[in-house]
Amino acid sequence: MSLLEDIRGRRVFSCVMGLGYVGLPLTLEFVRAGYRVVGLETDPSRVAALRQGRSYITDVSDGEVKEALDTGRLELTGDPAILSQVQTVNICVPTPLSKSGDPDLSYVQGAVRSIVETQRPGQLYVLESTTYPGTTEEALLPALSQNGLRVGEDFYLAFSPERVDPGNPRYNTRNIPKVVGGVTPRCTEVACALYANCIEAIVPVSSPRVAEMVKLLENTYRSVNIGLVNELARMCHSLGVDIWEVIEAAKTKPFGFMAFYPGPGLGGHCIPIDPVYLSWKARQVGFEAQFIKLASQVNARMPQFVVDLVVKALNDRGKALKGARVLLVGVAYKADVGDTRESPALDVWHLLERLEARVSYHDPHVPRVEAGGERHGSRPLDTKVLEEADCVVLLANHGELDLALIRARSDCIIDTRNAFKGFPSDGKVYKL
Ligand SMILES: NC(=O)c1ccc[n+]([C@@H]2O[C@H](COP(=O)([O-])OP(=O)(O)OC[C@H]3O[C@@H](n4cnc5c(N)ncnc54)[C@H](O)[C@@H]3O)[C@@H](O)[C@H]2O)c1
């Protein structure tokens with residue numbers, strides 16, 4: 001029986017390496033597809049939580065984990081020895097930046113080392129971690145070939161970018177089209193078959209390099225367009241024009257325009273980091289990626305712009321920032337998620353503290369956060385906390401925030417997300 005037949009017959013035994021924002025939803029889709037699945041995760045607390053039917057990812061409910069466990073087809077382990085038994089492996093491990101700002105492929109390399117140690121013929125390996133074009137063929141292929149196995153014959157290798165959008169209620173792993181690029185046509189065919197049983201649309205491309213570049217185009221496109229609109233937001237401020245009203249009107253054009261919105265800066269594990277992977281790789285071939293550099297400079301300036309607004313708002317009230325109580329509302333990097341990785345809120349916090357403001361925060365999705373070398377707890381969003389604050393800064397506009405209460409109980413609000421759109425204008429809200 002070939003691997004392809006096993007996949008098509010849903011008899012395959014699959015492994016997902018790395019059960020984070022990307023790997024956990026994929027694991028559950030594979031279980032729903034009827035596969036026998038093992039989730040391999042190096043963090044023992046994550047393995048323990050899942051075994052008890054508890055999810056630590058906002059978009060995955062405890063019920064979904066329990067449902068998968070109840071099928072009897074989901075195992076969870078921290079032991080890479082399991083790799084010798086599985087037929088397919090999806091690598092969903094982190095790809096951060098190193099201290100020097102270069103791509104850090106150490107997690108991917110660690111995952112590949114575990115595979116090589118237990119490798120047997122007939123397996124499919126798919127890298128899903130975001131990375132620079134060429135990684136699959138330059139870094140994974142030589143390592144996976146060292147046991148004398150031939151790609152496309154003895155094993156299959158592909159890259160398939162994960163495009164999940166945490167906190168998005170409409171799009172999930174299942175209904176986001178899956179781009180797949182194999183090293184050989186046979187690799188593409190086998191990898192496409194694996195996804196076809198659980199993902200609605202599959203988009204094969206000619207190589208892993210193209211698939212890697214697709215993801216970086218998408219995220220660079222976002223980074224550059226957010227940079228453009230952030231620059232325009234600051235320009236509009238100087239011109240006395242409301243950028244939000246401009247965008248709403250521009251959006252009515254039925255073609256040739258896509259709305260992007262300004263904000264306090266870029267955050268999360270993707271948009272601030274992925275374009276850096278691309279510019280790093282471009283530099284290796286003597287190419288300077290100018291748009292990427294400019295956009296990251298403009299986006300990195302936004303937390304300071306937010307602080308400038310706080311200073312102005314306090315100044316209008318005859319107050320200094322030094323000693324002022326500033327409440328940050330929403331410290332996650334975007335609405336409706338609990339993820340604070342690279343969150344611009346932490347940069348705003350740091351800048352405010354440097355000027356000796358007294359900073360605290362409220363975030364319904366983030367019970368605790370580390371800022372300024374200390375751990376802080378989320379304060380309740382109540383009348384007392386709001387009235388105590390000299391300035392309230394709205395940074396991530398979570399759906400459950402009580403905007404009416406914020407507006408009623410504070411008279412100095414910095415709104416970086418146009419959250420108060422539709423509320424009457426009364427001079428207490430300073431928009432980005
Ligand atoms: N979070 C997103 O929205 C998103 C979207 C698209 C793509 N991506 C990309 O997907 C990749 C994973 O991102 P994430 O957000 O899921 O990361 P994450 O940190 O949430 O999860 C990765 C998991 O991999 C585990 N891990 C590390 N090395 C391992 C190993 N050798 N074996 C088993 N487990 C291992 C970690 O403990 C962690 O739990 C990254 O490359 C990221 O850029 C993320």
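**Entry 1: helix α9**

I began with what covers the buried residues of α9, and found that the cover includes α8 (208-239) and β15 (429-431). I took contact as heavy atoms within 4.5 Å. Helices (H or I, at least four residues) and strands (E, at least two) are DSSP runs, numbered from the N terminus.

I note that this is a predicted model, in which local features need pLDDT of at least 70 and side-chain atom pairs count only at pLDDT 80 or more, while totals for chains, interfaces and linings use all residues. Residues are numbered from 1 along each chain as its sequence is written, and side-chain values use heavy atoms, with hydrogens and water left out.

I then listed the buried residues of α9 (residues 243-250), which are I243, W244 and I247. They lie on the same side of α9 because they cover an arc of only 100 degrees around the axis. I use buried for under 20% relative accessible area, exposed for over 50%, and partly exposed for in between (1.4 Å probe, protein chains only). The arc is that of the directions from the helix axis to the C-beta atoms.

At the N-terminal end of α9 I found D242 as the cap, with a side-chain oxygen 2.8 Å from the backbone nitrogen of W244.

**Entry 2: helix α11**

I looked up α11 (residues 290-300) and recorded I292, A295, V298 and N299 as its buried residues. Their arc around the axis is only 135 degrees, which puts them on the same side of α11. The buried residues of α11 pack against α8, α10 (274-284) and α12 (302-316). On the face turned away from the buried side of α11, I found the exposed residues Q290 and A300.

In the loop between α10 and α11 I located F287. F287 counts as exposed, at 54% relative accessibility. I also checked F287 against E370, 83 residues apart along the chain, and their C-alpha atoms are separated by 38 Å.

**Entry 3: the ligand**

Which residues are closest to the ligand? I found V22, E41, R46, T95 and T130, out of 26 residues that surround the ligand; a residue is included if one of its heavy atoms lies within 4 Å. By class, this shell has 13 nonpolar, 7 polar and 6 charged residues. Ala, Val, Leu, Ile, Met, Phe, Trp, Tyr, Cys and Pro count as nonpolar, Asp, Glu, Lys and Arg as charged, and the others, Gly among them, as polar.

I then recorded distances to ligand atoms. A ligand nitrogen is 3.4 Å from a polar backbone atom of G18. A ligand oxygen is 3.0 Å from a polar backbone atom of T130, and an oxygen of the ligand is 3.2 Å from an N or O atom in the side chain of R341. Taken alone the ligand exposes 820 Å², of which the protein buries 91%; the areas come from the Shrake-Rupley method with a 1.4 Å probe.

**Entry 4: N90**

I placed N90 in strand β4 (residues 88-91). Is N90 buried or exposed? N90 is buried, with a relative accessible area of 0%. Not counting residues up to four places away in sequence, N90 touches residues including C15, M17, F30, L194 and Y195.

**Entry 5: positive phi**

Most residues other than glycine have a negative phi. I noted D336, with a positive phi near 65 degrees, in the loop between β9 (325-329) and α13 (344-354). D336 is partly exposed, at 29% relative accessibility. N418 has a positive phi near 55 degrees and lies in the loop between β14 (413-415) and β15. N418 is buried, with a relative accessible area of 11%.

Definitions and conventions:
A polar contact is a pair of N or O atoms within 3.5 Å; within protein, one must be able to donate a hydrogen and the other to accept it, and residues adjacent in sequence count only if both atoms are side-chain atoms.
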